[in-house]
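Please walk through this structure with me.

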Amino acid sequence: MLIRRPPDIPASEITPESIYLRRREFMAAAALLAGAGAISPHALGAEEQKTLAYGKAGPESPAGFYTKEAQTPLQDATHYNNFYEFGTDKGDPAEYAAALKTEPWSVTIEGEVEKPGTYGLEDLLKGNALEERVYRLRCVEAWSMVIPWIGFPLASLLQRVRPTSRAKYVAFTTIHAPAQMRGQRSLTGAIPWPYVEGLRIDEAMHPLTLLSVGMYGKVLPNQNGAPIRLVVPWKYGFKSIKSIVKIRLQEKQPPTSWNLIAPTEYGFYSNVNPQVDHPRWSQKTERRLPGSLFNPNRIPTQMFNGYADQVASLYAGMDLHRYF
Amino acid sequence: MRVAIKSAIWFFSLLPLAWVFYAGNANLLGPDPGKAVVDTLGLWALRFLLITLTLRPLRELTGRSIFIQVRRLLGLFAWFYASLHFAAGVFYVIGWSWQDVLRAFDERTYITLGILAWLLMLPLGITSNRWFQRRLGGRWRRLHQLIYPLAILACLHFLWLVRSDYWQPALYAAMLAVLLFWRWPRFTLWRRRFA
């Protein structure tokens, strides 16, 4: 069977009573979130975003779920983004993402599952206690951040829709809405839209793999992939696809956007690996943001972005130079 | 008049550097300020290079010698920004050690191209004064034609590091192409004379 639970049920998977008791609060928050569109749709600044009820991460969380490294300030995490759907400049997403309409939102789940369908966002959230994870985020461009995400494991959603035995890969698709996403109207960009990504089923089922709906205690700002995005902390940032509208389980390895553009530079796996350089630049170190002019804050990059203890076994026996 | 124009060039040419200092000090450069500084300085180096290459066409189109009289100054500013760009790149991106720089030169094509372009600027900057001009005679002109290959290297350096949107480097490359094409008749003349 490909679908299996982790050997021990991590403490995080057991909803703490306090959160269970607050479920109504969360439903209320979700309702608020649903209603937000009516008030002032997308002009909400990060500070005004609705708060979420969630289980907080801390040093007592299972290994990998929490890092005590300094968290990137919210302002930086929301104003220095790669989200080419809104433009290739780091400031473009913050400037132009307000045009994206995230309400109503639904995600189509199809392919090798027993319960395919199009699920509303509230529907996806139902029954999944939200939890915080403080993860390192390593961009393939050699900069990194530390971000407190809020979400739930992708595994719990997949288990709900019951993958069949032929589900070997999971393919994800970002919304294609050129009218709302100016980058998708660009004539000189090299990305064929919509953006697509993929994971092997065991990667998708890994407890570290998160579907995120919030960060820093609040719902996701549009520029960070609202309303729902993937977070795979041991892979380069571009694997963590944003604003997801389709999840497809399938037997064949799905195409992925950056791999289609430059197959020699971006592999399907794209695990963070300081020993395998990008053909044009080094991956041995990273600039942990924010840096300053006097201190660029260059630190060594860790294997699997520091999550080797949790994920290295997924790739046992694989030549990671070949499957980069 | 000439003094006024040169003073104005000094003033405006130092503005980008002043902006970098100001923006860096006022935290306007975002969470990765080092990268922003490297990019800004590099862009201005390329701009000054292209401005320098525009002067001869301007001179020939207008007949005004002032364009040639300010050429050395603007060329030196290209060298100045390229040197700052290189130093900033080493400090913020590559790493402040000779081994790192040599390895980057060896392994990273875009860095190889950039460093080569900068190295070719060295003899031009050093021999830009009147003493060398007199001493080298006719060879001075030939030496300073290195600006053409080095400008091509600079554009390739820019194109090479882009991840997906080629609009900006392609625009600069196109401007360089126009400036080189404009000189085409002279290139062929030059080839005939020295072949």
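What is the mean pLDDT of chain A, and what share of its residues reach 70 or more? This is a predicted model. Chain A has a mean pLDDT of 88, with 85% of its residues at 70 or more. Two stretches of chain A call for caution. In residues 1-7 of chain A the pLDDT is below 50, and this stretch has seven contacts in the model beyond near neighbours in sequence. Residues 31-44 of chain A also have a pLDDT below 50. Beyond near neighbours in sequence, that stretch has 17 contacts in the model.

The largest nonpolar core holds 73 residues. Within this core, Leu154(A), Val170(A), Phe172(A) and Leu230(A) touch the most other members. Strand E4 (residues 143-153) of chain A supplies the largest share of the core, six residues. Take Leu230(A) as a way in. Leaving out residues up to four places away in sequence, Leu230(A) touches Leu154(A), Phe172(A), Leu211(A), Ser240(A), Ile241(A) and Ile244(A). A second core is separate and has 37 residues, among them Ala36(B), Leu41(B), Leu124(B) and Phe158(B).

Next, the interface. Here 23 residues of chain A are in contact with 19 residues of chain B. The chain A side that touches chain B has 11 nonpolar, seven polar and five charged residues.

Finish on chain B. Helix H4 (residues 71-94) of chain B has 24 residues. From its first C-alpha to its last, H4(B) reaches 32 Å, close to the 34 Å expected at 1.5 Å a residue. Just after H4(B) comes Gly95(B), with a positive phi of about 120°.

Conventions:
Residues numbered from 1 in each chain as written. Chains lettered and ligands numbered in written order. Predicted model: local features only at pLDDT ≥ 70, side-chain atom pairs only at ≥ 80, totals over all residues. Core = buried A, V, L, I, M, F, W, Y, C linked by C-beta atoms within 7 Å. Buried ≥ 20, exposed ≤ 12 C-beta atoms within 10 Å, placed from the backbone. Helix = DSSP H or I, 4+ residues; strand = E, 2+ residues; numbered from the N terminus. Nonpolar A, V, L, I, M, F, W, Y, C, P; charged D, E, K, R; others polar. pLDDT = per-residue confidence, 0-100. Expected span 1.5 Å × (residues − 1).
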